[in-house]
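Please look over the sequence and the model shown here, then read on by topic.

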There are 2 protein chains.
Amino acid sequence: MTDSIKNFLKDHRNQHLDQLKDFLSIPSISAQSEHSSDVKAAANWLSNALKEAGLENIQIMETKRHPVIYADWLHADGKPTVLIYGHYDVQPVDPLNKWHSEPFKPVIKDNKIFARGASDDKGQVFMHIKMVEAILKTNGELPVNVKFCIEGEEEIGSPNLYGFVENHQELLSSDILLVSDTTMVGKNKPTVCYGLRGMCAFEIELKGPSHDLHSGIYGGAVQNPLHALTELLSTMHNNKGQVTVDGFYDAVQPISEEEMKTCMELSQDENLKTQLELDALYGEEGYPTLARIWARPTLEVNGLYGGFEGEGIKTVIPSEAHAKITCRLVPDQEPKEIAALLQKHLESHLPTGVKLAITWHDQAKPFLTPYDHPAIEAAGDALKSSYGVDPVYARMGGSVPIVELFNTTLGLPAVLMGFGLDEENFHAPNEHFHLENFDKGLESLVDFLFNVKEKLS
Amino acid sequence: MTDSIKNFLKDHRNQHLDQLKDFLSIPSISAQSEHSSDVKAAANWLSNALKEAGLENIQIMETKRHPVIYADWLHADGKPTVLIYGHYDVQPVDPLNKWHSEPFKPVIKDNKIFARGASDDKGQVFMHIKMVEAILKTNGELPVNVKFCIEGEEEIGSPNLYGFVENHQELLSSDILLVSDTTMVGKNKPTVCYGLRGMCAFEIELKGPSHDLHSGIYGGAVQNPLHALTELLSTMHNNKGQVTVDGFYDAVQPISEEEMKTCMELSQDENLKTQLELDALYGEEGYPTLARIWARPTLEVNGLYGGFEGEGIKTVIPSEAHAKITCRLVPDQEPKEIAALLQKHLESHLPTGVKLAITWHDQAKPFLTPYDHPAIEAAGDALKSSYGVDPVYARMGGSVPIVELFNTTLGLPAVLMGFGLDEENFHAPNEHFHLENFDKGLESLVDFLFNVKEKLS
């Protein structure tokens with residue numbers, strides 16, 4: 001990177017952080033309809049920031065729910081085009097009482113910024129904008145062409161982006177995809193990610209008697225939906241930590257010896273136990289922790305509720321019981337096929353005396369890319385020069401469904417260069433982002449654009 | 001009953017219902033600390049109503065939480081003394097959105113009064129007061145001595161009444177106990193209850209990682225407390241509807257052939273299915289519905305919660321999972337012994353990777369009384385003369401822990417003459433009370449006092 005860009009970033013650091021705080025103050029929770037106008041406000045904020053950065057053709061493109069923001073800079077004739085994807089929506093904030101500071105009043109403490117979205121993904125989207133701004137305001141031009149496609153529905157499974165990408169293939173056509181929505185494998189371990197798990201999300205409702213019943217008067221004579229739910233859910237795992245849904249593992253690719261070795265070498269089990277205050281980790285028998293997260297599918301109950309939750313005791317048999325569940329999928333599991341297997345399992349294991357209703361939520365295919373692609377090298381080299389250490393090439397356990405979408409629809413190989421850390425509480429209270437990675441990450445992103453010009457032109 | 005008392009009740013019916021509405025308007029929810037002052041207000045209301053009725057020595061007797069109301073009339077020299085027990089506290093009202101009218105704005109519709117506590121138990125406590133008032137204001141004296149002991153903590157397991165009764169044995173000493181906090185077995189089937197189930201209530205918390213985790217980043221590598229909870233709870237029943245806690249049934253008395261016959265004869269299975277909109281009833285294999293409710297113990301999950309409950313999906317592994325549970329006990333199960341068995345089961349079946357915390361709530365011994373006692377006959381005769389049909393002698397599935405307390409501590413045989421109906425939604429939205437049973441019940445109670453004089457003097 002040139003000194004002039006380096007100095008630009010240094011000189012504008014405080015201003016950048018103020019802008020980021022401003023962006024993070026908008027409660028753009030896509031899942032909750034009462035926050036629709038906040039999501040819109042975040043879209044407007046983004047559009048202004050992109051303009052300010054020197055991007056062109058900025059469009060707030062409406063969908064059925066939350067808009068997609070498009071922008072580009074296409075004056076690097078004959079050079080490759082990088083499509084940058086990110087999302088400006090965030091997760092809900094409950095339980096609110098576990099936050100040490102308010103989720104939408106960003107606070108900087110110990111060189112970390114605390115706020116919902118600080119790391120996932122508003123903070124990293126902001127870095128992409130500042131990468132472009134720093135180069136343009138210093139050099140007057142970018143080394144390659146750039147397109148931005150920033151959505152507002154990632155945390156609810158991108159229901160409208162699929163149609164959007166399908167319908168705007170020309171607008172979005174590029175050579176590679178850049179996403180910063182994953183994590184580094186550890187502190188000062190900059191990471192290029194070459195694989196992600198997919199997803200199949202759903203919720204079930206078990207309906208028993210027409211209304212809540214007194215457990216003294218009826219207890220013993222009717223099915224309790226909470227019993228039925230625990231019975232049903234307990235049929236979905238065995239005591240080896242395996243998912244017992246028939247056919248669930250049929251399409252799963254075995255893990256290569258080389259990858260298994262990497263999983264062992266990168267093991268952080270002891271740190272993880274300390275960090276999570278656990279006596280023991282737990283997972284599928286026969287696999288080390290990283291293999292369980294990178295390359296093995298899961299079925300995870302994310303929420304369970306029914307009956308009385310208040311103070312004290314209420315002797316009730318509730319009329320309903322609910323569970324929210326997500327499966328993480330790995331190649332070559334197909335979300336639709338897994339959904340069919342799940343439905344069959346739930347129906348065939350349904351206890352007596354309750355009715356089952358399934359609501360399907362987001363689905364995403366798993367994603368895996370060859371890592372000898374020059375774009376991956378461009379990312380690794382950029383990380384090495386900013387962080388001063390060899391980068392890690394790894395898979396991740398999360399899902400960025402859109403990566404697979406761009407891969408399939410637009411034929412784009414993806415570079416996942418994320419700057420979050422696992423300990424940063426995404427989706428949980430006290431989400432934060434280490435500013436050390438804001439600074440080094442921003443430098444890496446700048447270098448990456450120059451490397452892409454060199455390696456892909 | 002004399003015509004003058006009958007006329008008194010008729011003439012004052014509207015006034016009585018207005019007073020009852022006033023009583024039911026007070027949200028005396030004992031479980032919720034924000035309603036403490038409402039519980040106090042209900043205690044004051046009661047104390048005034050007892051005075052108005054002509055009772056004497058009225059005392060609002062403080063306990064550690066909610067007061068006990070005492071009153072008496074002791075001028076029937078040489079005649080038996082009836083101790084009347086009831087409770088002026090009520091259950092919480094959630095889910096509030098399922099109420100058709102507000103729980104604390106009583107409404108009369110189709111000759112039923114709708115409000116929390118209408119049936120359980122404020123409505124029936126009110127009837128006892130009006131029984132005394134009607135006799136005193138008509139005859140100037142009662143046929144027997146009467147003591148009232150009305151508590152404000154029944155719905156939270158009467159934590160302070162045990163000590164209270166222990167410490168006031170002389171004040172409360174009587175010949176029989178009268179309680180109206182049970183139900184009739186059906187419409188126009190007036191019922192004398194001679195047995196109740198006991199209770200052992202508790203809640204469990206399973207604690208996993210120190211904070212909520214992203215299910216992509218950690219999913220597959222740590223125990224999910226919700227999985228552990230469903231696994232643990234699923235070990236507590238088998239597919240025959242039996243409780244699988246070791247030793248749970250050891251002390252259970254077998255059901256007599258005669259009682260089994262009664263259970264069959266009184267069967268309301270088809271009505272019950274229609275009323276609850278169920279395709280099938282469900283319970284312990286080998287027992288008819290009424291036997292399951294009267295004479296078999298249960299382990300019932302009353303509430304289950306953990307993780308995300310909001311709209312949409314949140315990909316979280318929660319750090320905690322919770323269950324609230326009550327066991328209904330039958331003779332000769334001892335709550336303390338059952339608690340020990342439960343604890344042993346929970347500890348020995350605890351899944352890996354979570355910590356268990358148990359909080360014990362109320363315990364009550366089951367209760368069974370010989371029904372050739374003259375007080376039972378006094379009740380049956382009174383019901384027969386008001387309702388014009390033979391009364392049913394039955395057990396009930398619920399728990400009125402205090403009955404066993406008075407039985408043990410004061411040596412009182414109990415007459416349980418309740419006027420509620422199972423369909424009246426106690427502990428659920430839209431609780432109500434049939435005014436037909438308010439009218440006939442009040443007459444029965446008046447007759448009962450005269451019958452007691454005759455049969456027990």
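Which elements of chain B are included in what covers the buried residues of α12(B)? They include β7 (176-179), β8 (183-184), β9 (191-196), β17 (392-396), β18 (414-416) and α14 (435-456) of chain B. This is a predicted model, in which local features need pLDDT of at least 70 and side-chain atom pairs count only at pLDDT 80 or more, while totals for chains, interfaces and linings use all residues. Residues are numbered from 1 along each chain as its sequence is written, chains are lettered from A and ligands numbered from 1 in the order in which they are written, and side-chain values use heavy atoms, with hydrogens and water left out.

**Helix α12 of chain B**

- Helices (H or I, at least four residues) and strands (E, at least two) are DSSP runs, numbered from the N terminus.
- Helix α12 of chain B has 14 residues (374-387), and at 1.5 Å a residue it should span 20 Å, which agrees with the 20 Å between its end C-alpha atoms; the expected span is 1.5 Å times one less than the number of residues.
- Buried residues of α12(B) include Ala375(B), Ile376(B), Leu383(B) and Tyr387(B); buried means under 20% relative accessible area, exposed over 50%, and partly exposed in between (1.4 Å probe, protein chains only).

**Salt bridges**

- Over all chains there are 41 salt bridges, each defined as a side-chain nitrogen of Lys or Arg within 4 Å of a carboxyl oxygen of Asp or Glu.
- Glu320(A) and Lys207(A) form one of them, at 3.8 Å from N to O. Glu320(A) lies in strand β14 (residues 320-329) of chain A and Lys207(A) in strand β10 (residues 198-207) of chain A, so the pair ties together parts that are 113 residues apart in sequence. Lys207(A) is partly exposed, with a relative accessible area of 29%.
- In another salt bridge, the closest N and O atoms of Glu259(A) and Arg395(A) are 2.7 Å apart. This pair links distant parts of the chain, 136 residues apart, with Glu259(A) in helix α8 (residues 257-265) and Arg395(A) in strand β17 (residues 392-395) of chain A. Both Glu259(A) and Arg395(A) are buried.
- Arg296(A) and Glu284(A) also form a salt bridge, with their closest N and O atoms 2.7 Å apart. Arg296(A) lies in the loop between α10 (289-294) and β12 (298-307) of chain A and Glu284(A) in the loop between α9 (269-276) and α10 of chain A, so the pair ties together parts that are 12 residues apart in sequence. Both Arg296(A) and Glu284(A) are buried.
- A network of salt bridges links Lys98(A), Lys207(B) and Glu320(B).

**Pockets**

- On a 1 Å grid over the protein atoms alone, a pocket is an open set of points where a 1.4 Å probe fits, with protein on both sides within 12 Å along at least five of seven lines; lining residues have an atom within 4 Å of a point.
- The largest pocket has a volume of about 840 Å³, a volume being the space filled by probe spheres set on grid points that are joined across faces, edges and corners. Of its 47 lining residues, the closest to the centre are Ile217(A), Thr183(B), Leu421(B), Asp422(B) and Phe426(B).
- The lining of the largest pocket divides into 17 nonpolar, 18 polar and 12 charged residues; Ala, Val, Leu, Ile, Met, Phe, Trp, Tyr, Cys and Pro count as nonpolar, Asp, Glu, Lys and Arg as charged, and the others, Gly among them, as polar.
- The second largest pocket holds about 540 Å³ of space. Of the 26 residues that line the second largest pocket, the closest to its centre are Val185(A), Gly186(A), Gln268(A), Leu272(A) and Asp422(A).

**Individual residues**

- Lys130(B) is in helix α4 (residues 122-139) of chain B and is buried, with a relative accessible area of 2%. Not counting residues up to four places away in sequence, Lys130(B) touches His16(B), Gln19(B) and Leu442(B), contact meaning heavy atoms within 4.5 Å.
- A cis peptide bond joins Asp94(A) and Pro95(A), with omega about 0 degrees; a cis peptide bond also joins Asp94(B) and Pro95(B).
- Ser158(A), a residue other than glycine, has a positive phi near 50 degrees, and Ser158(A) is buried, with a relative accessible area of 0%.
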